[in-house]
Amino acid sequence: MKKSLLALAVLSAFAGAASAQSSVTLYGRVDAGYTRFDPKQGTTTNVGATSGLAAGNLGGNRFGLRGSEDLGGGLRGIFALESGFALDTGATAQGDALVSSRLFGRQAYLGVTGGLGSLVMGRLAAFSSGTGDFDKFGSLDPFRTGAGILGFQKVMSSANALRLDNAVAYVSPNLSGFSAGVGYTWNYSGGEASGGSGVNNTGYVSYINYSSGPFYAVVTYDDFKLGTLTGDPSQSHLQAGLSWDFKVAKVSFAYAREKDQFIQGVAGACITGDPTVSGGCTANAQRTNQAAGADADAWALGLIVPFGAHSVRAAYHSRGVDAVGTTPSADRTGWSLGYEYVFSRRTTAYVYYGDVSDKDAYKISNWGGATQGFIGLSHAF
């Protein structure tokens, strides 16, 4: 009897150790609320206002599986599969001009991590994207690079959820507050075509950041060669930012410089300057309000004032596009205000409102900017 009990105890100990060495976690977010979207007068008219249920305002709706396994020697195997969806319709999300629907469109990767850093491969959100497990930029934005027209993504293209297919990336460990990373994609949207880099839409992404106590600073740089999609050879996005948390308030500043910004942007999505009413992009959208090869500068300020379970949030952002050929310059400015109440570690209520004004080439016949408001609830699990 004693031997049986001893054997059972030993087996239980081994089972506990095995379960500790390998784990899979289900996680996600459900978010929805009421929104009203009012386009401003364009050069001749404006389209009608829309209102109703909007989903993914504080954060995009998603569910995912994240796992790791102890491989020994301080090395762990890791993976993540994350699917986006629209809570108001149940439809899958993260489709684009080249791939209409993706089961794990937010991110899907496999890799290893250890004392020398992490190496991953798959569909990755860029370091500059404002989303994903390897994002280094989104914490600068009080509105988490989301909330319709309110976030920094309205003026910064990479921060508008830049994601890359067929990618590999390395992220260094933290060294005295510094970390860095670099990634490469063989074709950023859809499978690789035969013919190598000459016909595929290849690209590099990179970052370096520093974090110490309340201070955070980051620089990201993305460069893309668009192959046969356009007649121009490449485009680049530089984003930089810093924040300081004073406890009574957190302030942030961000800047972007975009070179040779094409009409059709990276990852098959429209450029940030696309003035579609929905805020999204139609398949293979080709807008006439910004010429291929245009350069753009953008900057943004952010503020978060927390008090107990409450916080007040504010942002101001601006974007200017240089004139190219016969296409004039384009300018955009916007401001945002928000209030959040944290019921628990997982559940947050929010009220947001923002305004965007467009001028010059951004202002077209039925668009001159917009105002947008939200009231909703978000739950993370």
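**Rings and their surroundings**

User: What makes phenylalanine 127 count as buried?

Analyst: Phenylalanine 127 has a relative accessible area of 2%. Buried means under 20%, exposed over 50% and partly exposed in between (1.4 Å probe, protein chains only), so phenylalanine 127 is buried. The model is predicted: local features need pLDDT of at least 70 and side-chain atom pairs pLDDT 80 or more, whereas totals for chains, interfaces and linings use all residues. Residues are numbered from 1 along each chain as its sequence is written, and side-chain values use heavy atoms, without hydrogens or water.

User: How do you know that tyrosine 207 is buried?

Analyst: The relative accessible area of tyrosine 207 is 4%, so this residue is buried too.

User: Why is the pair of phenylalanine 143 and tyrosine 352 called edge-to-face?

Analyst: Rings of Phe, Tyr and Trp (its six-membered ring) pair if their centres lie within 6.5 Å; planes under 30 degrees apart are stacked, over 60 edge-to-face and the rest tilted. Here the centres are 5.1 Å apart and the planes at 80 degrees, so the pair is edge-to-face. The two residues are 209 apart in the chain, with tyrosine 352 in strand β16 (residues 347–360); a strand is a DSSP run of E, at least two residues, numbered from the N terminus.

User: What makes arginine 66 a charge over the ring of tyrosine 27?

Analyst: The definition requires NZ of Lys or CZ of Arg within 6 Å of the ring centre and within 35 degrees of the ring normal. Arginine 66 lies over the face of tyrosine 27, at 4.0 Å from the ring centre. Arginine 332 lies over tyrosine 362 at 4.7 Å.

Definitions and conventions: Helices (H or I, at least four residues) and strands (E, at least two) are DSSP runs, numbered from the N terminus.
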